[in-house]
Amino acid sequence: MKKEDEETLSRLRLRRKYACVMVNENKEIRGMLKKIRNFVAYGNIDKETLKELIIKRGKSIEGEKKKLKINDEKATKLAEEVLKNQSLNNLEIKPFFRLHPPRKGINTRAHFPRGVLGDNKEKINELIRRML
């Protein structure tokens, strides 16, 4: 992998395999995603998937391995707030999530219609649910 691709992944906080990161969509981020589209899957997440992600995989900023103890109502409010602001930085949640490898496997060498790499648009929700 090229050093500049590694640096781009690091700037997006994608330092490990099977990580999920919430980022603001702007010109700079779109440029970074275009640059590393051969290495990552990305798309727009919906409210229900984000709520599940926060409940099952959300970690507190305070402790290193402190899992969030959160109920359904609070997770729904957090998900709505994140989708409005597009940021987890102001909340008590780490802005990245560590996930499992997806159930039923993935094709990591092909781009979206046949594999998972690149822009998955709304299909990213299905992939994330398989990884929870």
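Q: How much space lies in the largest pocket?
A: About 1200 Å³. Keep in mind that this is a predicted model.

Q: How many residues line the largest pocket, and which lie nearest its centre?
A: The lining has 38 residues. Nearest the centre of the pocket are A19, V40, A41, Y42 and I124.

Q: How does the lining of the largest pocket divide into nonpolar, polar and charged?
A: There are 26 nonpolar residues, 5 polar and 7 charged.

Q: Before I go on, what's the average pLDDT of the chain?
A: It averages 82. A score of at least 70 is reached by 91% of the residues.

Q: Which element has the lowest mean pLDDT, and which the highest?
A: Helix 4 (residues 72-85) has the lowest, at 75. Helix 1 (residues 3-11) has the highest, at 91.

Q: Noted. Where is L83, then?
A: In helix 4. L83 is partly exposed, because its relative accessibility is 26%.

Q: What does L83 touch, leaving out residues up to four places away in sequence?
A: I45, D46, K47 and L50.

Q: How far apart are L83 and M22 in space?
A: 9.6 Å, C-alpha to C-alpha. In sequence L83 and M22 are 61 residues apart.

Q: Switching to K51 in helix 3. Buried or exposed?
A: K51 is buried, because its relative accessible area is 15% and the cut-off for buried is under 20%.

Q: What does K51 touch, again leaving out residues up to four places away in sequence?
A: D72, A75, T76 and A79.

Q: I55 is in helix 3 too. What is its relative accessible area?
A: 28%, so I55 counts as partly exposed.

Q: How far apart are the C-alpha atoms of I55 and K123?
A: They are separated by 21 Å. Along the chain, I55 and K123 are 68 residues apart.

Q: Now strand 4. What is the relative accessibility of G118 there?
A: 4%, so G118 counts as buried.

Q: Which residues does G118 touch, not counting those up to four places away in sequence?
A: R37, V40, A41, Y42 and H111. V40, A41 and Y42 are also among the residues nearest the centre of the largest pocket.

Q: Where is A110 found?
A: In the loop between strand 3 (96-98) and strand 4. A110 is buried, because its relative accessible area is 9%.

Q: What does A110 touch beyond four places away in sequence?
A: G115, V116 and L117. The C-alpha atoms of A110 and N38 are separated by 8.8 Å, and these residues are 72 apart along the chain.

Q: Last topic, backbone. What is the phi of R13?
A: Positive, about 65°, although R13 is not a glycine. R13 sits in the loop between helix 1 and strand 1. With a relative accessibility of 29%, R13 counts as partly exposed.

Q: And what is the phi of K121?
A: About 50°, also positive, and K121 is not a glycine either.

Q: Where is K121?
A: In strand 4.

Definitions and conventions. Residues are numbered from 1 along each chain as its sequence is written. This is a predicted model: local features need pLDDT of at least 70, side-chain atom pairs count only at pLDDT 80 or more; totals for chains, interfaces and linings use all residues. Side-chain values use heavy atoms; hydrogens and water are left out. On a 1 Å grid over the protein atoms alone, a cavity is a set of points where a 1.4 Å probe fits but cannot get out, and a pocket is an open set with protein on both sides within 12 Å along at least five of seven lines; lining residues have an atom within 4 Å of a point. Grid points are joined across faces, edges and corners, and a volume is the space filled by probe spheres set on the points. Ala, Val, Leu, Ile, Met, Phe, Trp, Tyr, Cys and Pro count as nonpolar, Asp, Glu, Lys and Arg as charged, and the others, Gly among them, as polar. pLDDT is the predictor's confidence in each residue, from 0 to 100. Helices (H or I, at least four residues) and strands (E, at least two) are DSSP runs, numbered from the N terminus. Buried means under 20% relative accessible area, exposed over 50%, partly exposed in between (1.4 Å probe, protein chains only). Contact means heavy atoms within 4.5 Å.
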